[in-house]
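Trainee: I would like to go through this structure with you. Could we begin with the terms and then look at the strands?
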Amino acid sequence: MRPLFIIVIFCVLGIYIFNRPNIDQFILESQELQVERVTSSWRKTKGLSGRDFLDESAGMLFAYSEPDYYGIWMPKMKFAIDIIWFDELCRVVDFKENVVPESYPEIFKPKIQAYYILEVNAGFIKRHAVSVGSKASGC
């Protein structure tokens, strides 16, 4: 019985360790955010879908190794977001404000290829005067 218990404990710990979010500090227009950095295809596909809310000082950062016209859609979303695309130097290259869950299945893509996408609560861009060319740190 004891070996089975130990195996179960290791399995649970392994699931927790490999599935816990990677939280990083991110600063954009003097606003500090705690962002969940996602790099795996599965996490990128899931994004914020199914979550009930996002803390005001939080976001989700999608990181890619090559630039492209990466798109965002809103399946199973429960709240509106702002979407911000960044280049390799962490400068804003495009953004979309107040993307609502009802927009699904529309896919939102940048006008310029990007390396990073930041999802934050709707209204962030307006409140913090984010514009194309704004420089962030934490990409």
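Mentor: Two strands are said to pair if DSSP finds at least two bridges between them. Please keep in mind that this is a predicted model.

Trainee: How many bridges join β4 to β5, and which way do they run?
Mentor: β4 and β5 run antiparallel and are joined by five bridges.

Trainee: What lies between β4 and β5?
Mentor: The two strands form a hairpin with five residues between them. C90, in the turn, has a positive phi of about 70°.

Trainee: And how does β4 pair with β6?
Mentor: That pairing is also given by bridges: there are six between β4 and β6, in the antiparallel sense. I81, for instance, has N121 of β6 as its bridge partner.

Trainee: Is β4 buried or exposed?
Mentor: Six of the six residues of β4 are buried, so the strand is largely enclosed by the rest of the structure.

Trainee: Which residues point which way from β4?
Mentor: I81, I83 and W85 point one way, while D82, I84 and F86 point the other way. In a regular strand, side chains alternate between the two faces of the sheet.

Trainee: Which residues have the most contacts inside the largest nonpolar core?
Mentor: They are L48, F62, I81, I83, W85 and I117, in a core of 20 residues. At least two residues of this core come from each of β3 (58–68), β4 (81–86), β5 (92–99) and β6 (114–121). β3 gives the largest share, four residues.

Trainee: New topic: how many aromatic pairs does a search of the whole structure find?
Mentor: The search finds four. One of them is formed by W73 and Y104, which are tilted, with 5.4 Å centre to centre and 55° between the planes. This pair links distant parts of the chain, 31 residues apart: W73 is in the loop between β3 and β4, and Y104 is in the loop between β5 and β6.

Trainee: What is the relative accessible area of W73, and what is that of Y104?
Mentor: W73 is partly exposed at 38%, and Y104 is partly exposed at 41%.

Trainee: What about Y115 and Y116?
Mentor: Y115 and Y116 form a tilted pair, with 6.4 Å between the centres and 35° between the planes. Y116 is buried, with a relative accessible area of 14%.

Trainee: What lies over the face of Y64?
Mentor: K44 does, at 3.7 Å from the ring centre.

Trainee: Which side chain makes a polar contact with that of S134?
Mentor: The side chain of E29 does, at 2.6 Å. Beyond residues up to four places away in sequence, S134 touches L28, E29, C90, R91, V92 and A129.

Note on methods. Residues are numbered from 1 along each chain as its sequence is written. This is a predicted model: local features need pLDDT of at least 70, side-chain atom pairs count only at pLDDT 80 or more; totals for chains, interfaces and linings use all residues. Side-chain values use heavy atoms; hydrogens and water are left out. A polar contact is a pair of N or O atoms within 3.5 Å; within protein, one must be able to donate a hydrogen and the other to accept it, and residues adjacent in sequence count only if both atoms are side-chain atoms. Contact means heavy atoms within 4.5 Å. A nonpolar core is a set of buried Ala, Val, Leu, Ile, Met, Phe, Trp, Tyr and Cys residues joined through side-chain atoms within 4.5 Å. Buried means under 20% relative accessible area, exposed over 50%, partly exposed in between (1.4 Å probe, protein chains only). Rings of Phe, Tyr and Trp (its six-membered ring) pair if their centres lie within 6.5 Å; planes under 30 degrees apart count as stacked, over 60 as edge-to-face and the rest as tilted. A charge sits over a ring if NZ of Lys or CZ of Arg is within 6 Å of the ring centre and within 35 degrees of the ring normal.
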